[in-house]
Structures are given as C-alpha cells and as structure tokens.
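Thanks for making time this morning. I would like to take you through one model, going slowly enough that you can follow each place on the screen.

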Amino acid sequence: MTAVGRNVRRADGEGKVRGSVRYGMDYTELGALTGKVLRSSLPAARIARLDTSTAATMPGVRAIATATDAPGLSGMFFVLKDQSLFARDEVRYAGEALAAVAADTEAQAEAALAAIEVVLDPLDPVLDPDHALTDGARLIHPDWESYETIVPGPRSGNLAWESRIERGDVDAAFQEAYRVVEDEFRTQRQHQNSIEPHAAVARYEEGRYTVHTPTQFPFNVRGRTAELLGVRPSDVRVVVPAIGGGFGGKLDIMLEPFACVLARKSGRPVRIVNTRSEELRTCAPREGGIVRLRTAVARDGSILAQEGEIIADNGANSSGETVACANAASLVLGSTYRVPNARYVSKVVYTNTPPTAAFRGVNGPYSVFAQEMHLDHIARELGMDRRDIRLHNLIGSGDVMVNGQEVDGPFLREAMDELETMRPWQQLQASKRPYRGHAIVPVTWLTNSGAGSASMKLNEDGTVTVASAATEIGSGAVATGVRQLVADQLGVDFHDVLVTPPDTDTGGYDLGAQGSRTTFGAGNAMIDAGKKVREQILDVAANLLEAAPEDLELADGSVHVQGVPDRRVGLAAISATASMTSGPIIASGGFVAPPESFDGGCMTGALLTHFTAATYHAHHAEVEVDPDTGRVTVLRYTVVQDVGRAINPQMIEGQIQGGVVQGLGYALYENLRVHGGEVVDDNLESYRLPIAADTPPIDISILENPCPYGPLGAKGAAEPPIVPVAAVIGCAVADAIGAPVNELPVTPFAVLQALRKQGESAA
Amino acid sequence: MSYAFTLNGQPIEVEADVAGMTSLLSVLRESFGLTGTKLGCGEGRCGACTVLVDGTPVVACLYPLANVDSSDVRTVEGLAGPDEPLTEVQSALLDHGAVQCGACVPGVSMTLTALLECADHVTEDDVRAALTGNICRCTGYTKFVEAAVSVAADSGGRQ
C-alpha cells in the first residue's frame, strides 16, 4: 500500500503520547552546571560599571562570561550585523544580556547574578518607530554605518533597513482616480509562546563546541553562535533533540552562545533553560507594525494604483528575521489583487525595545489585515459589495504580481468559488442579523525556497535511513511527510524509513523549518537522494534477477520483475549483495527551488524577491458581537487552501486548525505590550493565549494545484493558514458593528470604543 | 518528615530533605526521572505539567509535595506501561492526528483520561471545558476534542 495521501500515524507519535520523547527542555548531561543570564533592567543606558569580581568568588560559581568573551557582531541570516552577544558600553533594550554565570545549582547561579555590580546611566529610550525616524531622534546605533551587511541595503540612522517596490506610473494613476482612499493600521507584538521554552546544553571538547538545542534551524544556530563567539562555523556542532514547538521563535540563537561560552570557561557542560517570563521578555516576537495605505480606484472598483508604507519595529537589533523579511510585506500587498501601479516602502526601524523576529507568516498577517480593512473602506466609498470588489480585482492567469512575476493559474478564483459553495455569500448577506457579521478574504502566499540536502542508505535489513538536518517542529513534515515520500519512492513500508535526528556534523545543509519548506525542500532533497539509491538497488537487483533495470519494480520491500511478481528479491538481500559487489548502497541529494522570473529592476533592498511555489487561499468567518460587553464570538470559520498535493491530509488539517487558532489569538486576544521599553505581559496570566473554548468549528476544503518542482506536486502548507485570519476577523467584526477596526487585537474594549464612536457620530 | 504516596501504582516514600512546599513537578522530574510531565510555564497556566492526584487533574508545577501524602499520583508514564499497548485516549490522539509538537500532550492526556474515567457521556463542550487549563499552541484543539469524543462513543462513556 502506498503511503502518500494516507493519514499515517506520525513516527514520533507513540513517544509523544507516552511521555518518553526527550525534548530540548528534558535534555541534560552528566555534571552539567546551571547557566543564568543577567539582563538589563533599563531599555537604554550607558554601562558605567560592570564588576563580576565578587560574584566570581561566590560558592558554586564555576564561570562568568561578559562582553570580552564574545567578540563578534552578527545578525539573523547574516544580513545586518548589529548584534553582540552581551551589551558593550551601551544597553539598547530592557532584557539585553550583560553577563552570564554557570554554577553548581540554580540558586547559586541566581545568587551570583545578584552579586554582579552593575551601574547603568540611563539614556532617553527611543520607543516609538515613527519618532525613531524623525530627524532629532537619538541614534540607537551611532555606529550604524560600520555594520557589515550581506548586500548593500538602503539604511540610515534608526532606519535599520528599507525595501522598496515601484511599479508603473503611480502619480499619473492617482490623477485619474475616481476616488482616493487612505487608511492607517496599527498592530501589536505577538509572542510565539511555544510550550517548550528555549533550552540549550553545551559542552566544549577538543576545541569544539557541541550544543544540544531544540532549534528549528540548526545551521543558523551554528553559524550565528560561531560568529558571535568569533570562531568558525565548523567549530560548533548543533544537535537537535525533540522540539516542543517553534512557530518561528526557535529559528535564531537564544541561549546557545551563552551555554557555549560558559562551557568553555568552566570546562563543564552547561545547561540553560528559560523561564516563561524570560521567554516573554527576551525571546523575539512578531513585530508590531504600522501600515499606511493610499489607493486610487476607478468608478467600477478597479484598483488603479496603491501606495503603501509599512513600518516594522525591529527592536534594538537585527537578531530576528524582521530585516530579512521586510519585502514580504510589499509582496503580499501586491500579489492577491491586480495593482498595476504601486509604490510600496517597507521600513524596519530600530527602537529601544526587545528585538523582534519571525512568527509564522512574518509580516503577512498585518499586511493582509491592513489591505482587507482598506478594501472594505473602498467598497463602502463606492457602494460596492465586499465580495464583488475582491473578485473584480482578483489576480489570475496571465496577470502579474507587483514584482512582475506571472501568476501561474486561476487558482485564487477557484479557491473563492469553492468557498462560495461552502458559504454562499448572498445567502449570508440576506440572512444578516444585528451584531452579526461575516467576511471573506483571498490571499496568495509562498513556500520558502531554501536549500535542503539528504544522505540516504539502504540498511542491512532492507530498511532505509536518511541523514538530514531537517527539523521536526511538530508539523509532521519529518515525522510523516518526507518519510511518506521516500517510502513510496523505494517501495518500502512507511515505518521502515528512518530519519536521523538533526546534527550539523552529519546532516547536509538545510535552511530549517520555516516558511512551510520542510516537506517541500527537504522532501525534494530526499527524493533526489532516493533516485540514486533506487538506481543502485535496481542495478544490483537486475543482476540477481537477470532482468533489465527498466523492467523492475520496487514494492513491499522487494524488487520484482514487472508482470512477474514471483520473480523477486528482498531489499535485505540486495543490501547484502551490494556490500560484497558494487559497494554499500548510499547516495546523497540536494535541492534548492529553481528561480522564478520576476522584474528585479522594480525593487531595491529586497531580500525576499518573489513567490516560490505560490499557494492560493480563501478564508471566511462569521462572528457575533455582544454590544454590552464588546466580546467577539467566532461562530464558524471556513478555509479553502491549495497545497499542491496533499501528502498527509490529516496533518494538513491539523496545520490549518492550529494556524487559524493562532490567527484568532492574534486577531482577538494576544498582545505583548511594551510600556516604557519594558514588556508588560511577562506571564501567561496577562498574555492571553487561545484556549479550547475559543475554538470555533472550522470547515476545511483542500485544493490540489500541483507545483511542477514540488515533491509529487506538493507546496508549503503549514505557514499560510495564519496569514489571512486577522483580516477576516477584523472585517467580520467591522461588518457586525458597522464601523471599521483599524488596530489589533480587536479586544472587547476596542469594540466598545468603536460602537461608542459610531453612536456619537450618529447622534 | 517523609511523604508516602503511590506513584503510577508503586508505593513511594520521599525523604525529609525535600521540603513540603517543593513542587510535585520537580520531585517527579528530578527525583524520579519522570520527564514526561513538562515544565511549560511554571505558573500553573499552561497545564503541560498536569498529573492526576486521586483521579483529579492538578498542575504539578504549583502543587506542593506535602499535599500528595497518602494519595495516588498518576503521570503520563503511568497511563500505559512501557511494554503495554497505548490506552484508548493515547491511541485516539494518534488516530485523530491530534499530536503535533506534543509538549502539551502529556498534560492533555491526563486531563482527558480523568474526564473519560468519570463521565458516562461526554459532549464536545464537555471536552472543551475540561481542557480549559491545558494550552496547546499547535493544534487549535479540534482534534483533541474529536479524539476524546470518539473514545467516549467507543466505550459507551466509560473507559
């Protein structure tokens, strides 16, 4: 029986339900010390004094590390190197590391932290991104010009990075407009809050660091740790135990370099695990955003031109993906609807706040929220139906996206049509009741194009082992998806495909679990390796069966002659034969997505330039608002999602349900507030995560528009379900109360305020 | 002072050098090596540390050791022995694709086990209400609910 398309049980499932799986947070080594990090209490200050001499003499203290132990500057993806491991001379955010201690016990480590003498001379914190960009604002990085960048990028002072797309003749289009509509939207920080906190256990031996850490992206942790410590990447080995959730929050280094430097200085293994409070205060969330849109429309609702300014709060340095992903905001604004003339400027701005980073969908959720609320505003101005204006401008076959990339089919329209059969728009419009609302949002999203590799061998018993650095963050991509692909390719049982735990010493380069790329990118690399393994198997089998390789088939763990199922030889026998004749069966493979053609000339500062394996989506929500309390209840949610090819439909459903609920959290509850530079919500009492009772019924329809270079046509499936959720919920609430909501989250207070404002303007 | 209780069916005695206010979670993880129960938040909100004390779910990160004296404590490792088949709850969670990263799953398994052991009939709303103290960041909860309802339906309500 083939594995692809079936809901196989995940390979790591039994261990997870039995509690026997060892996560990063469970991992330790004999003799490990406890590491702790001393962090700044102020958002901006000069370091007047940092004296560790008393702390160093305290009982149980084995090592103390400070800025002199970590000479390097680095940045996420090595894009903009403005981050040191410890603050040097100046503190740029509350929570920035000043020193780290390793001691025999946690209590001793904490006592030592308290004994480090710190004198900080406060500076005026720059907290508001708009203010940070004004002429008189204090420079957060006075030496910004000296920082190394991966490519020359437009930047200046507190503007860490700018990316720009300019297409067509925007000014002329605005002159011809029937209406010009303008809006501003503001969104909050959202924290990934994986149940497993960040954790790292490091040791130093033979001049190399070995660190066990539940990271989504081992090669990034390796390179970034090495750069901060001033050593070569190959001097660091990253090994990944089971990962208890990531959502983007475990792509970058957090505790690994601290553990490494302490291990070297103490000569002992060092284990550091964050508390929940440290997670919320120092581990980079999705950035807060400001989106300003101005659109020229024709009388029939056609978008003639759009100007957009996206301000993304980078926080104090570029240790997260905020800079690398700046252009994604512009791309997503101009890839769902036809925007023939566009000028999008995405600005990533330094503030004296904790750095921000990737969270599933990066800047997509707030860009789409802005675009969709704005479209509803345009529809109101024109007296147009909200679905009609979307269909009228919807991108399709033959159209080009804002980067000049051609759309590969009428798939957005198909998603909208499928949604129409599930939740007929006019019927819902006609049956509308007071304080109930609904909304529909289409969106185009992408699959991360990044590199993957695999090494595959046929074992003596006929099973297959794949060595890979691809990580299983929970989505099932490694625990099911890639194994299903290999199982069918080699005709072995799903359970007979083993995948090694990620280890940068043995696994080839892999861009990590991000942008839904694991089944797609790591899967393609495994298929590439599998092709060669398959050829070797068939060559050996051809000799044994006295048949031509092209007449052979692989199935049920053996090779047989086509049409003669009895003439067969098992894979174990083939493995044994190979080891005595042609050599053991083993091969490696690699993948990076082929380039798409687009117009590079229309973009500057763009690190993300185009859509790889684009996917097409339509979401719909029905909500009810309580006019007395402002509470929003989501009554029903519907998702139509194109996945290319569904390798494991049940796992995809799980990604959709989980992504939608994270999106509901972003839309309605979650808000990592920063006041005066300090994170207010440093516990799960006030940081409100969605619970089971918040989850509405979610109807799902999966579409399969295969990607020519996806494994069996598969495209990314896990990231996109969060992208349009805040937009759908925002638009549905606005529909329910008859007033726009231009900020997230849409809390009961925000709803009551909108209702009151509306009442006042009516009176 | 010592505390005596049963842990996954075995009689246990914890000696006096452990203070009574020590959390049950740290004793489980550090003294008994039962790392299936997770420290997710340490503040009693996420429920990844849920264990059963006399059949009732409690958050072990806040539950004092002294409180389990003379009680029956069950952790995820006690649901099915290492060589035993999975329980219906564990099996249903896998069949319904309800496990993703799995960090919350030990706690969720305990909550659902407690619910299904004492209820004759459970509705989706019952399951959602029971899971109020268990945060899952991956799944959106739907498949937990489906799994629990299927177990109740298969066993006529009782496990």
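This is a predicted model: local features need pLDDT of at least 70, side-chain atom pairs count only at pLDDT 80 or more; totals for chains, interfaces and linings use all residues.

Let me start where the two chains meet. The size of an interface is often given as the accessible area lost when the parts come together. For chain A and chain B that figure is about 3800 Å², with 53% of it on carbon and sulfur atoms. On the side of chain A, the residues that lose the most area to chain B are Val17(A), Arg18(A) and Ile195(A), which together account for 21% of what that side buries. Counted by residues, the contact draws 48 from chain A and 45 from chain B.

Side chains of opposite charge can pair when their charged atoms come close. A search over all chains of the structure gives 59 salt bridges, and between chain A and chain B the count is 6. One that you can find on the screen pairs the side chains of Asp95(B) and Arg9(A), at 3.0 Å from N to O. Its two ends lie in rather plain surroundings to describe: Asp95(B) belongs to helix α2 of chain B, residues 88-95, while Arg9(A) sits in the segment before α1 (13-18) of chain A.

Now to chain B by itself, for which the domain assignment gives domain 1 as 3-77 and domain 2 as 88-154. The centres of these two domains of chain B, taken over C-alpha atoms, are 21 Å apart, and their contact involves 14 residues from domain 1 and 13 residues from domain 2. Between them they bury about 1000 Å², and carbon and sulfur atoms give 60% of that area. How many salt bridges are found across this interface between domain 1 and domain 2 of chain B? The rule finds 1. Elsewhere in the numbering of chain B you can look up Glu117(B) and Arg74(B), which form a salt bridge with their closest N and O atoms 3.1 Å apart.

Turning to chain A, the UniProt record, an unreviewed entry, lists residues 18-124 under "domain: Aldehyde oxidase/xanthine dehydrogenase a/b hammerhead". In the model, that stretch of chain A is 14% helix and 32% strand, and its end C-alpha atoms are 52 Å apart.

Further along chain A there is an open sheet of 3 strands, in the order β20-β21-β22, with antiparallel pairing. Its edge strands are β20 (552-555) and β22 (564-570), each of which pairs on one side only, and neighbouring strands are turned by 35° against each other on average, direction ignored. Within the sheet, β20(A) and β21(A), the latter being residues 558-561, pair over 4 bridges, and Leu552(A) stands opposite Val561(A) of β21(A). Helix α16 of chain A, residues 571-580, packs on this sheet and touches β20, β21 and β22, its direction making about 50° with that of β22(A).

Terms used. Residues are numbered from 1 along each chain as its sequence is written. Chains are lettered from A and ligands numbered from 1 in the order in which they are written. Side-chain values use heavy atoms; hydrogens and water are left out. Two strands pair if DSSP finds at least two bridges between them. Axes are lines fitted to C-alpha atoms, for helices over the stretch in contact, and angles run from 0 to 180 degrees between N-to-C directions. Contact means heavy atoms within 4.5 Å. UniProt positions are given in the numbering used here, feature names are shortened, and annotations may be inferred rather than shown by experiment. Domain bounds come from an automatic or database domain assignment. Buried area is the accessible area (1.4 Å probe) that two parts lose on being put together, summed over both. A salt bridge is a side-chain nitrogen of Lys or Arg within 4 Å of a carboxyl oxygen of Asp or Glu.
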